[in-house]
Amino acid sequence: GPRLLVEAYTPSSVISLEFNVIQNRPLDEVFEHFWQDGTDMVNLAHQAYKHNEKQAVTKSIEEGSDIRRHVVYMFVPSHDASGRVSGVMIYSVDETERFIKEVEEMQ
C-alpha cells in the first residue's frame, strides 16, 4: 500500500541485518538499513507507486578507500488482482564490471 511496508528483501542488500527492525515497517522509517543516503530512493519508490510508472537510478557506492560499486536500482509498481497499484518492487543490479569496461573502451 501507500505506506510501502517492507515485506521481503534480500539479506545481502542491507547494510545492517536486523530482520525484526525492517520487516513490516514503512520504507520511510527503515531506508537507512538499505542505503547510506536513501532519501532520494524513498522518493523514487513513492513516485513509482503514486504514478504507476517504473523509476530507475544509478548510484555510486563507496566500499572502502578505493573501491566503488555502480548499482542500478529499478522501482517497479506491483498490482493487485483488480489491477490497482498495491506496492513497489525494488530491484538492484551491480553494473560495476560493465561500467569499468565502458570506461576502458573509451580510453
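Two strands are taken to pair if DSSP finds at least two bridges between them, and strands (E, at least two residues) and helices (H or I, at least four residues) are DSSP runs numbered from the N terminus. The model is predicted, so that local features need pLDDT of at least 70 and side-chain atom pairs count only at pLDDT 80 or more, while totals for chains, interfaces and linings use all residues. Residues are numbered from 1 along each chain as its sequence is written, and side-chain values use heavy atoms, with hydrogens and water left out.

**View 1. Antiparallel pairing of β1, β2 and β3.** Strand β1 (residues 55-62) pairs with strand β2 (residues 68-79) over eight bridges, and Thr58 has Val72 of β2 as its bridge partner. Nine bridges join β2 to strand β3 (residues 85-94), where Asp94 is the bridge partner of Val71.

**View 2. The hairpin of β2 and β3.** Five residues lie between the two strands, and Gly83 in the turn has a positive phi of about 90 degrees. A salt bridge (a side-chain nitrogen of Lys or Arg within 4 Å of a carboxyl oxygen of Asp or Glu) links the side chains of Asp80 and Arg84 at 3.5 Å, N to O.

**View 3. Gln23 in the loop between α1 (19-22) and α2 (27-30).** Gln23 counts as buried because its relative accessibility is 18% (buried means under 20% relative accessible area, exposed over 50%, partly exposed in between, with a 1.4 Å probe and protein chains only). The side chain of Gln23 reaches the backbone oxygen of Glu7 at 2.3 Å.

Notes:
A polar contact is a pair of N or O atoms within 3.5 Å; within protein, one must be able to donate a hydrogen and the other to accept it, and residues adjacent in sequence count only if both atoms are side-chain atoms.
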